[in-house]
Amino acid sequence: MSYLRFEKAVMTNLEESIRRELLRTNRSGAYSCSTIVDCNTRKYHGLLVVPVPELDDENHVLLSSLDATVVQHGAEFNLGLHKYQGNNYSPKGHKYIREFDCDKVPTTLYRVGGVLLKKEVVFQHYEDRILIRYTLVDAHSATTLRFRPFLAFRSVRQFTHENSVASREYHEVDNGIKTCMYAGYPDLYMQFSKKNEFIFQPDWYRGVEYPKEQERGYASNEDLYVPGYFEMPIKKGESIVFSASTSAIKTTTLKKLFDEEVNERVPRDNFFHCLVTAAHQFHNREKDDTRYLLAGYPWFKCRARDTFISLPGLTLAIDEQDYFELVMKTAEKGLREFMQNKPLSVKIYEIDQPDVPLWAVWAIQQYVKHAGKEEGYKRYGKLVNDIIKYIISGGHPNLRLDDNGLLYSNGRDKAVTWMNSTANGRPVVPRSGYIVEFNALWFNALKFAAAMAADKGESKNVEELEKRAELCKKSFVDTFMNEYGYLLDYVDGNIMDWSVRPNMIFAVALDFSPLSQEQKKSVLDVCTRELLTPKGLRSLSPKSGGYNPMYVGPQTQRDYAYHQGTAWPWLGGFYMEACLKLYKRTRLSFIERQMVGYEDEMNYHALGSISELFDGNPPFHGRGAMAFAMNVAEILRTLKLLEKYTYQK
């Protein structure tokens with residue numbers, strides 16, 4: 001039985017099926033996404049969603065959906081599904097679904113009377129092309145298929161409405177048509193592997209509604225343009241492949257191309273394979289062959305901090321060292337350009353955040369452990385040393401090294417940490433001054449650089465780095481450790497944040513910690529008692545003021561909840577690493593049980609992936625972006641650590 005499979009009872013129950021989303025990406029920035037019953041519930045959903053760099057830096061929905069209709073004896077059975085105002089669903093094609101399977105490729109089986117129709121979908125790697133294969137498994141009489149495309153031609157952040165500007169013009173191409181609704185957009189090519197008839201019947205379908213946008217307090221209605229429909233007969237056992245793309249294709253190659261794409265897929269037959277597929281979805285190869293990691297879907301770009309935190313888990317943890325090196329090549333270029341005050345030539349956002357260089361060192365540290373010291377030092381030793389020198393020399397505009405050996409960053413007016421939500425133009429959590437994870441990362445970076453220098457026989461460098469690390473260690477404990485056995489979140493002059501937050505876990509989880517064994521255990525115990533959930537660590541303890549664990553409602557309401565009690569799986573990864581470092585094999589079964597909480601998510605939200613964040617209170621619903629790179633990465637890294645400690649003698 002398939003790992004990701006849903007029977008008719010689930011598929012025909014919209015309360016169950018419409019909450020489950022399916023994401024496909026082409027590893028070049030484009031994606032296809034909807035619910036498992038093909039009813040779009042977000043403005044970000046669409047069958048073909050692509051970047052249009054000529055217009056802006058956003059993705060654009062070209063083809064919103066494709067309704068298939070089975071025609072027999074003059075009777076029409078529409079397999080599509082759309083939500084309209086007033087909680088009306090039409091044409092209710094989900095009632096014909098017999099089963100849905102998402103093993104190698106998403107496969108839906110429809111039964112209409114004596115007709116059994118199978119639909120399979122793939123997104124071609126590195127091309128803006130979605131492919132759908134329809135196979136008539138069984139039929140007792142002549143059958144015709146009709147396909148009606150719903151076009152949007154808009155940014156994922158906007159809506160389209162009926163207007164007189166939209167072009168109705170189309171041109172016939174090989175077994176299909178090409179059309180473009182607005183100037184500046186690429187042509188949309190819709191083609192079939194079989195000769196068909198296109199009937200021009202332009203119309204607007206008005207009042208399509210997206211409930212996910214309603215939940216988030218946004219506008220939620222739009223009109224979609226349908227230029228007409230394609231029609232063709234299909235025989236029992238026959239397969240027809242549909243292609244939607246920004247470029248034409250020779251239609252005689254479609255069937256072979258579909259088979260090739262299917263053969264490249266890894267079966268999602270268990271938890272680990274689902275996560276590997278999810279990891280690959282964050283890959284992004286640009287036309288100039290630069291490689292990136294997108295922070296998440298459907299709305300995140302490539303962000304610097306997310307890149308360095310997720311890079312080891314998305315690559316090294318699944319033995320894909322080569323992709324680590326490709327992404328790091330792009331990231332190092334951007335980091336060096338920033339450190340040298342040069343214009344940025346790479347598409348990495350927020351590279352100016354003060355902790356980004358520190359996370360880069362941590363990522364390199366993981367690479368050295370995976371690839372070996374010789375290879376690691378050779379590739380990235382100079383970058384580590386340059387980052388250390390850059391920070392010591394005060395090169396960063398918002399990262400100051402004080403005489404006490406600690407790093408100071410001003411975050412009062414602008415968010416500078418991963419807790420970056422803002423309201424009314426100001427940080428909701430204004431973490432400023434000596435920030436706990438910045439300084440844990442700094443101590444770790446100094447000790448790592450010192451160990452590297454020692455291995456190279458650079459005694460003078462070792463002495464200086466160890467001296468700085470020792471000063472940092474003493475000041476860290478004096479500044480952050482409190483009498484209640486946990487770490488202050490940040491200290492800025494006379495301001496001390498006593499909130500119990502997860503950022504202190506890094507001081508326990510990192511390879512080099514400024515804390516003693518007893519201090520580490522004390523910090524870990526507080527995290528376990530007050531922050532641990534089945535979906536990661538809470539961003540704030542329920543005992544702390546301002547606890548707000550439910551990420552729901554309009555934008556402002558969600559902004560205030562974003563880091564005030566919600567749970568984050570990526571933080572759970574560092575928590576579990578800390579557990580293993582402190583308690584070794586005695587915690588293996590405990591961590592395996594924690595993994596069950598994540599495996600449960602494979603069947604919800606975006607199938608086979610992990611949501612951005614979770615409510616901090618039961619039942620811990622997934623919220624935010626449907627797929628989040630740092631979460632997938634840290635779960636994969638935890639699985640790798642589990643394997644290491646399980647077989648450790």
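Asp 402 is found in the loop between strand E23 (400–401) and strand E24 (407–408). The structure is a predicted model, and the values below are computed from its atoms. With a relative accessibility of 16%, Asp 402 counts as buried, because the cut-off for that class is under 20%. When residues up to four places away in sequence are not counted, Asp 402 touches Tyr 408 and Tyr 434. Arg 336 lies 66 residues from Asp 402 along the chain, and the C-alpha atoms of these two residues are separated by 23 Å.

An open sheet is built from nine strands, which follow one another in the order E1-E9-E10-E11-E12-E19-E16-E15-E14 with antiparallel pairing. Its edges are formed by strand E1 (5–7) and strand E14 (170–173), each of which pairs on one side only. On average, and with direction ignored, neighbouring strands of this sheet are turned by 15 degrees against each other. Within the sheet, strand E9 (residues 97–101) and strand E10 (residues 107–112) run antiparallel and are joined by four bridges; Glu 99 has Leu 109 in E10 as its bridge partner. Helix H4 (residues 254–264) lies across strand E11 (115–123), strand E12 (129–138), strand E16 (188–192) and strand E19 (239–245), and runs at about 100 degrees to E12.

Two packed helices are described by the angle between their axes and the distance between the axes. For helix H15 and helix H16, the axes come within 10 Å and cross at roughly 170 degrees. The two helices are therefore roughly antiparallel to each other, since angles over 145 degrees fall into that class. The residues that meet in this contact are listed by helix below.

| Helix | Residue range | Residues in the contact |
|---|---|---|
| H15 | residues 569–583 | Pro 569, Gly 572, Tyr 575, Met 576, Cys 579, Leu 580 |
| H16 | residues 588–599 | Leu 588, Phe 590, Ile 591, Gln 594, Met 595, Tyr 598 |

By class, this contact of H15 with H16 has ten nonpolar and two polar residues, and no charged ones.

Helix H17 (residues 629–646) has 18 residues, and the distance from its first C-alpha to its last is 26 Å, close to the 26 Å expected at 1.5 Å a residue. Of the 18 residues of H17, 13 are buried, so this helix is largely enclosed by the rest of the structure.

Note on methods. Residues are numbered from 1 along each chain as its sequence is written. This is a predicted model: local features need pLDDT of at least 70, side-chain atom pairs count only at pLDDT 80 or more; totals for chains, interfaces and linings use all residues. Side-chain values use heavy atoms; hydrogens and water are left out. Axes are lines fitted to C-alpha atoms, for helices over the stretch in contact, and angles run from 0 to 180 degrees between N-to-C directions. Angles under 35 degrees count as roughly parallel, over 145 as roughly antiparallel, 65 to 115 as roughly perpendicular and the rest as oblique. Contact means heavy atoms within 4.5 Å. Ala, Val, Leu, Ile, Met, Phe, Trp, Tyr, Cys and Pro count as nonpolar, Asp, Glu, Lys and Arg as charged, and the others, Gly among them, as polar. Two strands pair if DSSP finds at least two bridges between them. The expected span of a helix is 1.5 Å times one less than its number of residues. Buried means under 20% relative accessible area, exposed over 50%, partly exposed in between (1.4 Å probe, protein chains only).
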